[in-house]
Amino acid sequence: MDIEDILIRTIGAVAFGLSIAGFCVISERGTKLLFALSSLAWGAQYYLLGVHTGFLIMLLTGVRQAVTIYSNVMSHCLRMALVSGFGGVAVALALLTWQGWLASSLPLFATLLGTWALFMMGNVGMRKATLATNMLWAVHGYLFNSWELCLTMIVITVANLYGLYRLRGAAAVP
């Protein structure tokens, strides 16, 4: 294993840790900030792996995550504008860095759905949409040698399913 491989795996481990830490903090803002930082770390790993669309989409995702810290005080109109803006930038990035259907379309579809979910859906809808985006990112991580991302998406999916189960049980209690 050479120094570049060690750096790639180390960045993946840091991103994994930031992603999991995001689920451990109580503050919604803290969670979103940690997720933004983890997205930047995933972007760095994709850069080193030469996956250009994944790199730029993850950087965009980091910015989007940071902006969503304030989504609860945004008007519907502003949230729609942000969905359109982030979506347009994502499409442009994917087209500019096109590396084939799997390399470029998986991150694009994941970020488009994730953007809609974060800005426009409530807690349950967002969690359900996240199940789909996690699967897209897990497959992408697996295909393009980011096993840390693949593992993270599996762990987050299990945590998300547990959260949905708990929400369902809470809704049943009058």
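## Gln 45 and its contacts

Gln 45 touches Ile 8, Arg 9, Ile 11, Gly 12, Ser 146 and Glu 148, leaving aside neighbours within four places in sequence. Gln 45 sits in helix 2. Its relative accessible area is 1%, so Gln 45 counts as buried.

## Confidence

This is a predicted model. The mean pLDDT of the protein is 90. Of its residues, 97% reach 70 or more.

Among the elements, helix 4 (residues 76-96) has the highest mean pLDDT, at 96. Helix 7 (residues 147-172) has the lowest, at 84. Where pLDDT is low, predicted coordinates should not be read in detail.

## Helix 4 against helix 5

Helix 4 packs with helix 5 (residues 101-120) at an angle of about 175 degrees. The two axes lie 9 Å apart. Angles over 145 degrees count as roughly antiparallel, and helix 4 and helix 5 are therefore roughly antiparallel to each other.

From helix 4, the contact includes His 76, Arg 79, Met 80, Leu 82, Val 83 and Phe 86. Gly 87, Ala 90, Val 91 and Ala 94 in helix 4 also take part. Helix 5 meets them with Ser 104, Leu 108, Thr 111, Leu 112, Thr 115, Trp 116, Phe 119 and Met 120. By type, the residues of this contact are twelve nonpolar, five polar and one charged.

## The largest nonpolar core

The largest nonpolar core has 26 residues. Tyr 46, Met 58, Phe 119, Trp 137, Leu 149 and Met 153 touch the most other members. Two or more residues each come from helix 1 (3-24), helix 2 (28-49), helix 3 (52-67), helix 4, helix 5, helix 6 (123-143) and helix 7. Helix 4 gives the largest share, five residues. In soluble globular proteins, nonpolar side chains tend to be buried together.

Phe 119 links this topic to the helix pair. It belongs to the core and to the contact of helix 4 with helix 5. Leaving aside neighbours within four places in sequence, Phe 119 is in contact with Arg 64, Val 67, Thr 68, Ser 71 and Met 74, among others. Its contacts also include Arg 79, Leu 82, Val 83 and Phe 86.

## Asn 145 in the loop

Asn 145 lies in the loop between helix 6 and helix 7. Its phi is positive, about 70 degrees, although Asn 145 is not a glycine. Most residues other than glycine have a negative phi. With a relative accessible area of 45%, Asn 145 is partly exposed, whereas Gln 45 is buried.

Conventions. Residues are numbered from 1 along each chain as its sequence is written. This is a predicted model: local features need pLDDT of at least 70, side-chain atom pairs count only at pLDDT 80 or more; totals for chains, interfaces and linings use all residues. Side-chain values use heavy atoms; hydrogens and water are left out. pLDDT is the predictor's confidence in each residue, from 0 to 100. Helices (H or I, at least four residues) and strands (E, at least two) are DSSP runs, numbered from the N terminus. Axes are lines fitted to C-alpha atoms, for helices over the stretch in contact, and angles run from 0 to 180 degrees between N-to-C directions. Angles under 35 degrees count as roughly parallel, over 145 as roughly antiparallel, 65 to 115 as roughly perpendicular and the rest as oblique. Contact means heavy atoms within 4.5 Å. Ala, Val, Leu, Ile, Met, Phe, Trp, Tyr, Cys and Pro count as nonpolar, Asp, Glu, Lys and Arg as charged, and the others, Gly among them, as polar. A nonpolar core is a set of buried Ala, Val, Leu, Ile, Met, Phe, Trp, Tyr and Cys residues joined through side-chain atoms within 4.5 Å. Buried means under 20% relative accessible area, exposed over 50%, partly exposed in between (1.4 Å probe, protein chains only).
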